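Let's take a guided look at a protein model, one piece at a time. Have the sequence and the 3D view open as you read.

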Protein chains: 2
Amino acid sequence: MKLKDIGEFGFIDRIAPLGSIRSDGVIKGIGDDCAVLSLAEDNYLLVTTDMLVEKVHFLLEWISAEELGAKSLAVNLSDIAACGGKPLDAFISIAVPDHIEIEWLDGFYRGMAEMARGFDVNLLGGDTTRSAGHLVINVALTGMVHRTELLLRSTAKPGDALVLTGPLGASAASVDLLRHKRIFPEEVEAPLIQAHFSPRPHVHEGRFLARSGVTTAAIDVSDGLSSDLNHICEQSKVGARVYADKLPALPALLTAAQLMNKGPLKWILHGGEDYVLLATVKRESVNALLQEANKEGIVLTVIGEVTDTGNAELVKTDGTVNALFPRGWDHFK
Amino acid sequence: MKLKDIGEFGFIDRIAPLGSIRSDGVIKGIGDDCAVLSLAEDNYLLVTTDMLVEKVHFLLEWISAEELGAKSLAVNLSDIAACGGKPLDAFISIAVPDHIEIEWLDGFYRGMAEMARGFDVNLLGGDTTRSAGHLVINVALTGMVHRTELLLRSTAKPGDALVLTGPLGASAASVDLLRHKRIFPEEVEAPLIQAHFSPRPHVHEGRFLARSGVTTAAIDVSDGLSSDLNHICEQSKVGARVYADKLPALPALLTAAQLMNKGPLKWILHGGEDYVLLATVKRESVNALLQEANKEGIVLTVIGEVTDTGNAELVKTDGTVNALFPRGWDHFK
């Protein structure tokens, strides 16, 4: 049997039970954006790790050293953000093929350090090794969150509002555009390209949602809205209803869709690598939260609600309701 | 310029200054076996990470899934041991090529979980991704140590005794034997093969040394004695004198050397992957410590002393003294 037969998430289910050796201090093990460990004085330690593999996650012909360094840290910052935490210290492992120049690596670490500075994060070590094949990067990142502010995937409640902290689909549109070697006007291309190569992790948005006291659950949209919403549904044992006409997207994305003569919904629903946060918020508090967010320069969009059906659904613009299956990213399927 | 022009350690020196963004709570950043972060109540959090790359660190033809899983965790446990810590939680990233079977992965995690159980460590998550090339594993491991028991590389003092917690060279001898396709009697081969494929991390030895109160510095011997001793000399700004006739080695190693018609000293001094601890201990306390260790089933060997010369030296069996240069493992040189 191969990994493609059971998929990444099937495999995680398979190995998760093996790992629980000791339960003291472990608030959340496998299955959320971060592991959550209890510290003294009512703080939890968060730990997350992400691996980026050449030819799978990135192509060296497409991404610059600085962008790759920044993005390798950003995708981990996004996981800390999804747990409502403040990021602390990063540990970088890198397997380097012989053809890579030191100057490229300097750029990689420069890009990463700039991202780190933006979020007051240390780069504290790791492992540098040779690769006999592709370039592989692994970042492990710690963070901290007060136990009353921890955001998990498993605590959404029927009736909650579904909220996004930013637009969807731009990263997927950018990959589509590059794959088909399409060239569009600068004002269309630039914001899409930036979303894919220089994603901004929503750490401030995560802290805002966590501090608010009315956010019930959160996840970062890395695999794609359909997959990540289904993670919340499964782990919270709830359903969800999302309205197609409420899903936020960049104007450039809608223009690109027209120019490519296709609908934008596939990018928006299943594209992935959006690195915005999907949160559930107490219904009665959502309007006040949106106003409060605006004051801090954070744009929240209500895209639907949590239900008790056990399934994720999409309400199309014509009013028809369809099941919303997880069709986002799975490395192996 | 390529990595081979400056080596792994040259590269670490190059990137280390980039990473220090924030100093609160950081006791030790880049440059020791673990990063050390301060926790409440006089405990430090330790974090270490190691990447294992196919064709560089292991060959799938040689190592079983179970052995590779156990060893991937063991090399990280060894770093926590070198800091005197108690290991806590491991986070495993793995990039899996298409040809790998689920059954192989099950074996990998089974081996890792058995090693984890042996040291009361949780496997709490990580990242599973596809590889378009080789198999790559990254483990990030946390640990904890009371601030009075932390062991670093930078705190050895002239006059201290140099102590090893186990024999050297067996792993390197095993690789030599396999590379040359030599077949020796079972009693010679088995202990060498085991040292390479199933190393036992010296966590108990590390805790013993840390608790003793008389250990001044420690490092795990992963790159090779000559390299790791030089790390202590550089970081503690001391010298060291090691006696060739005091260096501990398995009887099987000496037999293998005879059978292969070569001296064993190259394996012992520069081989690496020994995963024993090299510690410095206050001279006046070393005899009492050796006796105490014996009671706990730990065999310590005094191999020399810390000096104020600033250089590592080897005293050969004929009494001649030579400089002991770091000729152990560097991925790029």
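## Starting with Asp79(A)

In which helix of chain A does Asp79(A) lie? Find helix H2, residues 65-82 of chain A, and you'll have Asp79(A) in view. Keep in mind as you look around that this is a predicted model.

So is Asp79(A) buried or exposed? Its relative accessible area is 8%, and the cut-off for buried is under 20%, so Asp79(A) counts as buried. Its side chain has a partner, too: a polar contact of 3.2 Å joins it to the side chain of Thr48(A).

Both of these residues also turn up in a database record. An unreviewed UniProt entry carries the annotation "binding site", and that annotation covers Asp33(A), Thr48(A) and Asp79(A).

## A seven-strand sheet in chain B

Now hop over to chain B. Here seven strands make an open sheet, and their order is E8-E10-E7-E11-E9-E12-E13. The pairing in this sheet is mixed. As a bit of background, strands of a sheet pair through backbone hydrogen bonds, and they can do that either parallel or antiparallel.

Which strands sit at the edges? They are strand E8 (215-220) and strand E13 (321-323) of chain B, each of which pairs on one side only. Neighbouring strands of the sheet are turned by 25 degrees against each other on average, if you ignore direction.

Strand E12 (residues 312-315) of chain B runs antiparallel to E13(B), and three bridges join the two. To spot one of them, look for Leu314(B), whose bridge partner in E13(B) is Asn322(B).

Helix H6 (residues 203-212) of chain B lies across E8 and strand E10 (277-281) of chain B. H6 runs at about 10 degrees to E10(B).

Most residues other than glycine have a negative phi. Which way does Lys55(A) go, positive or negative? Lys55(A) is not a glycine, yet its phi is positive, at about 75 degrees. You'll find Lys55(A) in the loop between strand E3 (43-53) and H2 of chain A. With 42% relative accessibility, Lys55(A) counts as partly exposed.

Chain B has a case like this in Glu273(B), a non-glycine residue with a positive phi of about 55 degrees. Glu273(B) is in the loop between helix H9 (265-270) and E10 of chain B. Its relative accessible area is 21%, so Glu273(B) is partly exposed.

Terms used
Residues numbered from 1 in each chain as written. Chains lettered and ligands numbered in written order. Predicted model: local features only at pLDDT ≥ 70, side-chain atom pairs only at ≥ 80, totals over all residues. Heavy atoms only, no water. Pairing = 2+ DSSP bridges. Helix = DSSP H or I, 4+ residues; strand = E, 2+ residues; numbered from the N terminus. Axes fitted to C-alpha atoms, helices over the stretch in contact; angles between N-to-C directions. Contact = heavy atoms within 4.5 Å. UniProt positions renumbered as here; feature names shortened; annotations may be inferred. Buried < 20%, exposed > 50% of the residue type's maximum accessible area, 1.4 Å probe, protein only. Polar contact = N/O pair within 3.5 Å; in protein donor to acceptor, adjacent residues only side chain to side chain.
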